[in-house]
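Please look over the sequence and the structure shown here. The paragraphs below them go from the overall fold to single residues.

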Amino acid sequence: LRGFGVKEGLRDSQYTWITRQFSQSAWQGCTLWDLLCPAFLFLVGVAMPYSYANRQGQGQGWLRQFFHALFRAAILIALGIYLDSYLARPTPQLIVDLRGDLQQIGLAYLIAFLVLPLGTSVHGVSAAFLLIAHMAAHVIYASGAGYELWSRDQNVGTAIDQWLRFGPREHLVTFNVLANSAIVLFGVLISGLIRSALTPGVKVAIMTGCSLAAILLGWTLSGGGGVTGEWFAIVPMIRPVVTGTFVLTSVGWTLLIFTYFYLPIDGFGVRAWAVPLVVVGRNSLIVYLTYQLCRGWAETSVKLFLPASQHAMATWYYPLTSVFVVALYWFFCWWLYRRQIFFKV
């Protein structure tokens, strides 16, 4: 929705607080749109133990699986670099850096894979270590170099990117891979819980408790996270540099949503309602790529069937355009699903 002007179409209405959720936070805070990349990372972590066990069952050892993981990561990084280069403004040009969503997912997946066979305790310790190390590096660099802590333009992440000769990019930094790897490992931990012998009810209770605790802790440490009545922020909730409070908040909300999809599907065995989501989920990578590459074409095509004047539908013109674009992508995924065509790496 963000890409089709929803915020602009409704900014003067009473629904502004809703439309804000479909744009990324410029610096501090967390919106619904900000949850997308952490959700991808989290779900990658949830899927990893299933994939590893399946390949083990086929007789594949760790080394062979590692080379497959290396190949997967390389493909994701290459696709991310291609998208960055193709969509570069004002003119397409080769841009090689590691800060895009696909690049970060590929790197975080590879780091998480290194500890995947080592058990739940190692997963938890590794996630905590990566998160603490990420924040500690920011604090140590800021105090040592004399910069303001959590500065937009002078932090350990920007210093590393300058050393790598990466240009500016919306304050995103390659160093985020440490925190993003922790998010993947949180997903691995939840996957272990789901695959355990506990009853679905107990699993739901544990996941609900963990998600609410993470949200509350992230919100408290961030000084209220932008809510009225803020207090001193111990660690601000900053999306571009993926601070610990942003990780806690995004993982908490992602886990809460995940839990109440898990409950009817695996808890009660009611799965038919989720088929429309499965249709998209089976080709999530191709949806992401085509959205990035073809969203202008999709929007223009949909507008052919809407009134020529945007004022004819007032504030609902942009949301309706977005709904039709989503429907167009869904039918594309359904066409692939019916023919058992799935794109994966």
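What follows describes the helices, the cores, the surface and the salt bridges in turn.

This is a predicted model, in which local features need pLDDT of at least 70 and side-chain atom pairs count only at pLDDT 80 or more, while totals for chains, interfaces and linings use all residues. Residues are numbered from 1 along each chain as its sequence is written, and side-chain values use heavy atoms, with hydrogens and water left out.

The protein chain has 13 helices and zero strands. Helices (H or I, at least four residues) and strands (E, at least two) are DSSP runs, numbered from the N terminus. Of the 345 residues in the protein chain, 44% are buried; buried means under 20% relative accessible area, exposed over 50%, and partly exposed in between (1.4 Å probe, protein chains only). Contact means heavy atoms within 4.5 Å. Among contacts in the protein chain between residues at least 6 apart in sequence, 65% join residues at least 24 apart.

Helix 8 (residues 177-194) is mostly covered, with 15 of its 18 residues buried. The expected span of a helix is 1.5 Å times one less than its number of residues. For helix 8 this gives 26 Å, and its end C-alpha atoms are 26 Å apart, which agrees.

A nonpolar core is a set of buried Ala, Val, Leu, Ile, Met, Phe, Trp, Tyr and Cys residues joined through side-chain atoms within 4.5 Å. The largest such core has 56 residues, and Phe42, Met48, Met207 and Phe258 touch the most other members. Elements that give two or more residues to this core include helix 3 (36-57), helix 9 (200-221) and helix 10 (244-267). Helix 8 gives the most to this core, with ten residues. A second, separate core of seven residues includes Trp33, Tyr291, Val302 and Leu306.

Nonpolar residues also occur on the surface. Ile257, Phe261, Phe268, Val270, Trp273 and Leu277 form a nonpolar patch there, with about 590 Å² of accessible area together. Such patches are made of residues with over 30% relative accessible area and no salt bridge, where like charges are joined within 9 Å and nonpolar side chains (Val, Leu, Ile, Met, Phe, Trp, Tyr) within 5 Å. Accessible areas come from the Shrake-Rupley method with a 1.4 Å probe; for residues, only the protein chains shown count as cover. Phenylalanine 268 lies in the loop between helix 10 and helix 11 (275-281) and is exposed, with a relative accessible area of 60%.

A search of the whole structure finds six salt bridges; a salt bridge is a side-chain nitrogen of Lys or Arg within 4 Å of a carboxyl oxygen of Asp or Glu. In one of them, aspartate 34 pairs with arginine 239, the closest N and O atoms being 3.3 Å apart. Aspartate 34 lies in the loop between helix 2 (16-19) and helix 3 and arginine 239 in the loop between helix 9 and helix 10, so the pair ties together parts that are 205 residues apart in sequence. Aspartate 34 is buried, with a relative accessible area of 3%, and arginine 239 is buried at 11%.

Arginine 99 forms a salt bridge with aspartate 97 (2.9 Å) and another with aspartate 161 (3.8 Å, N to O). Salt bridges that share partners join Asp84, Asp97, Arg99, Asp161 and Arg169 into one network.
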